[in-house]
Amino acid sequence: MHLSRYPRLHFAHLPTPLEAMPRISAELGGPNLWIKRDDCTGLSSGGNKTRKLEFLMADAVERGADTIITQGATQSNHARQTCAIAAKLGLDCHILLEDRTGYHDEAYALNGNVLLDQLHGAGISMRPADSDMNAEMEQLSMQLRDDGKKPYLIPGGGSNEIGALGYVNAAFELTHQANERSLHIDHLLHATGSAGTQAGLVLGMEAMNSGIPVYGVSVRAEQRKQEENVYRLIQRTAEFMGYSPDLVAREKVVANSDYVGPGYGLPTDAMVEAVKMLACYEGILLDPVYAGKGFAGLIDLVRKGHFKKGENVVFLHTGGSVSLFAYPNIFGLPGYQ
Ligand SMILES: *Cc1c(COP(=O)(O)O)cnc(C)c1O
C-alpha cells in the first residue's frame, strides 16, 4: 500500500515510541502491557489528531484554502491541534465548540485546550449542546466566503476518509516497530470517539494482514452505533484507497461502550482510578475524556481475565492530557475541592 499517493505534510514526530509498562503490568498481574505514545506526536502537546491533520491540511493547502474551520466539544483536543497547525501554516482558523458537558466553571471553560486554542490565535465561538455542528460549520463557511475567504472544513475529530489515512499509516508504523523487536502483539486497544482512529487502524491492519485485532473503547456512543460509525468510515476509506468496501469484515469492528459512564466528557470512578494508576506506576499522563476511559476499560478487562497471561497488549495513548487542567477537582486531591 503506497500512502505517498496522497498529499501529506510531515509535521508529526514519528514514529512515536512504543514502550513497555512493567510496573503497571506487575500490579495488575495479567498480560504484558505496552503503550504506543501517540500523545507524543509533537504538535502543541501532541495527540492522535496530528496524524490525521498531516493528510487533511495537505488537502486544504492543495485546494488553495486560506482559512480552516473545524468543530468539537469545548475541551476538544482535535480543535487545539488544528489551531496549532493552522498557525504554523499561516492559515486563519475558526473553531466552533459545542457545550456537550454543561460545565461552565473557569477551569473547564478557559483552561486546558481552550487556553491553547487562544494562544494559537484561533477564532472561537461556542454553540449549545446538541447543535447541528456540521450545519453550523457550513453557515460560518458561507459567511467567510462572502467576505472573500477560501475556507476548508474539517469534520469533528478529523474523521473522514482523508484523516483516517493517518491511522492506516499508524497501523504500518506499529507493526513495523513490533517486527523490528520481534514483539508479538496480541491485542491493540484504544479510546474511540469520532471513529477515524479505529477505522484507519482496522483497515491498515487488515490490508497488511497483520493479524493484530483492534479493540475500541467508546467514550460516547453506545456499542452498536459506534461500531456502525467505525465500519462505515472503514468502507469509505477502503474505497477511497482503491480497495473493495468489503475488504474488512463487519465483525472486525469492536467498540465496547461499557466505560462511557454518564456521558461524553463526564467523569467516572474507573477513569479517575486509571488516570491516577498510570500517573503513579508509569509516570504517564492520561486524560479524563478519552484515554482515561480507554485505559479504565483495559484495566477492567485485565481484571476480568479477558487477556491471557503472557499476551502482549498495546494501549494506544491518543493524547489529551492537557484537559487534565480543565478538570482539576475530580481526582480528590487535597486543596482542589
Ligand atoms: C479524538 C480523541 C480520541 C478518539 O479518536 P477518534 O479518531 O475521534 O475516534 C481519543 N483520544 C483522544 C485524546 C482524542 O482527542
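Helices (H or I, at least four residues) and strands (E, at least two) are DSSP runs, numbered from the N terminus. This is a predicted model, in which local features need pLDDT of at least 70 and side-chain atom pairs count only at pLDDT 80 or more, while totals for chains, interfaces and linings use all residues. Residues are numbered from 1 along each chain as its sequence is written, and side-chain values use heavy atoms, with hydrogens and water left out.

Which polar side-chain atom lies 2.6 Å from a nitrogen atom of the ligand? That atom belongs to Thr-318. An N or O atom in the side chain of Ser-194 is 2.5 Å from an oxygen atom of the ligand, and a polar backbone atom of Gly-196 is 3.4 Å from an oxygen atom of the ligand. The protein covers 99% of the 380 Å² of accessible area that the ligand has on its own (Shrake-Rupley method, 1.4 Å probe).

The space taken by the ligand is the largest pocket. A pocket is an open set of points on a 1 Å grid over the protein atoms alone, where a 1.4 Å probe fits, with protein on both sides within 12 Å along at least five of seven lines; lining residues have an atom within 4 Å of a point. The largest pocket has a volume of about 1000 Å³, the space filled by probe spheres set on the points. Among its 46 lining residues, Gly-156, Gly-157, Gly-193, Ser-194 and Arg-220 are the closest to its centre. Helix 9 (223–240) gives the largest share of this lining, six residues. The lining has 13 nonpolar, 24 polar and nine charged residues.

The second largest pocket holds about 230 Å³ of space. Of its 14 lining residues, Glu-206, Ile-212, Pro-213, Val-214 and Lys-252 are the closest to its centre. Helix 8 contributes the largest share of this lining, three residues, and strand 8 (214–218) supplies at least two. The lining divides into seven nonpolar, four polar and three charged residues.

Note on methods:
Polar contact = N/O pair within 3.5 Å; in protein donor to acceptor, adjacent residues only side chain to side chain. Sits in = over half its atoms within 2 Å of the grid points. Nonpolar A, V, L, I, M, F, W, Y, C, P; charged D, E, K, R; others polar.
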